[in-house]
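Here is a friendly note to read alongside the model. Please keep the structure open as you go through the points.

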Amino acid sequence: MPFYYYAIDPYYIYLVLPAIILCTIAQIAVKSTFSKFSNARSTASGAEAAQRVLNANGVYDVRIERVSGNLTDHYDPKTNIIRLLDAVYDSKSIAAVGVAAHEAGHAVQYAKSYAPIKWRTAIYPVCNLGSRLSLPLILLGIFTGFPILANIGIVLFAAALVFQLITL
C-alpha cells in the first residue's frame with residue numbers, strides 16, 4: 001500500500017520534514033555556540049552588559065532580576081523586567097553577555113515601539129502552544145490515520161516558525 005493510503009498527503013512530508021530538520025539543526029547550532037563561548041571571558045557580567053545596552057539606548061526604567069530554571073532568560077514587557085538565569089546574571093562569559101544583551105535588546109525594542117516586537121507579542125500565545133504541540137500532533141495524525149490532527153500540527157508548527165522569523 002502506498003504511504004498516502006493512510007490519509008497523509010506525501011507533500012506534507014516533503015514540506016514539514018525539512019522544516020523540522022532545519023529547526024533541529026538551528027537548535028543544535030545555538031546550543032553548540034553557547035557552549036563554545038561559555039568558556040570565553042568578558043570584562044562584564046551578563047547583568048552589567050544588559051544594563052549597558054539599556055543605558056546606551058536611553059532606556060532607564062527596566063529592572064534586571066535573577067530567575068531560576070533552564071533557558072528561562074526573558075524580557076517581560078508587562079512588568080518591564082529582564083529576568084536572567086543566575087548563570088547568566090553573574091557570569092562573565094561571552095555567551096552570558098550575548099544572552100543578556102539579547103534580552104536587553106527586546107526591552108529596547110519595546111521602548112522604541114518597534115513594530116515587529118508588537119507582532120511577536122500578539123502571536124506569542126499561539127506560537128508557544130504550537131512549538132510544544134506541533135510535532136506530537138503531526139506524528140499522532142500520521143500514525144492514527146486522522147489527517148486533521150496532522151493538519152492542526154502543521155498549522156501550529158507554521159505559527160511557531162512565523163514567530164521565530166519575526167523574532168529574527
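**Notes on the chain**

1. Helices here are DSSP runs of H or I with at least four residues, strands are runs of E with at least two, and both are numbered from the N terminus. Is Ser-91 buried or exposed? With a relative accessibility of 17%, Ser-91 counts as buried; the term means under 20% relative accessible area, while exposed means over 50% and partly exposed lies in between (1.4 Å probe, protein chains only). Leaving aside residues up to four places away in sequence, Ser-91 touches Arg-41, Ala-44, Ser-45, Gly-46, Asp-86 and Ala-96, where a contact means heavy atoms within 4.5 Å.

2. A word on how to read all this. This is a predicted model, in which local features need pLDDT of at least 70 and side-chain atom pairs count only at pLDDT 80 or more, while totals for chains, interfaces and linings use all residues. Residues are numbered from 1 along each chain as its sequence is written, and side-chain values use heavy atoms, with hydrogens and water left out.

3. Now the overall picture. The chain has six helices and three strands, and from the N terminus on its elements run α-α-β-β-β-α-α-α-α. Its radius of gyration is 19 Å, well over the 15 Å that the globule rule gives for 168 residues, so the chain is more spread out than a compact globule. That radius is taken over C-alpha atoms, and the rule is 2.2 Å times the number of residues to the power 0.38. Along its principal axes, the C-alpha trace spans about 65 × 35 × 25 Å.

4. How much of the chain is buried? Of its 168 residues, 32% count as buried. The accessible surface comes to about 10600 Å², and 66% of this belongs to carbon and sulfur atoms; areas come from the Shrake-Rupley method with a 1.4 Å probe, and for residues only the protein chains shown count as cover. Among contacts between residues at least 6 apart in sequence, 58% join residues at least 24 apart.

5. Helix H4 (residues 94–111) deserves a look. Its 18 residues should span 26 Å at 1.5 Å a residue, and its end C-alpha atoms are 25 Å apart, which agrees; the expected span is 1.5 Å times one less than the number of residues. Several H4 residues are buried, including Ala-95, Val-97, Glu-103, His-106 and Val-108.

6. Two loop residues have a positive phi. Ser-113, in the loop between H4 and helix H5 (115–144), has a positive phi of about 55° although it is not a glycine. At 45% relative accessibility, Ser-113 counts as partly exposed. Asn-80, in the loop between strand E2 (74–76) and strand E3 (81–85), has a positive phi near 60°.

7. Thr-79 also lies in the loop between E2 and E3, and counts as partly exposed at 39% relative accessibility.

8. Finally, turn to helix H1 (residues 10–37), where Ile-25 is found. Ile-25 counts as exposed, at 51% relative accessibility. Together with Leu-17 and Ile-21, Ile-25 forms a nonpolar surface patch with about 270 Å² of accessible area.

Terms used
Patch = residues over 30% accessible without salt bridge, like charges linked within 9 Å, V, L, I, M, F, W, Y side chains within 5 Å. Salt bridge = Lys/Arg side-chain N within 4 Å of Asp/Glu carboxyl O.
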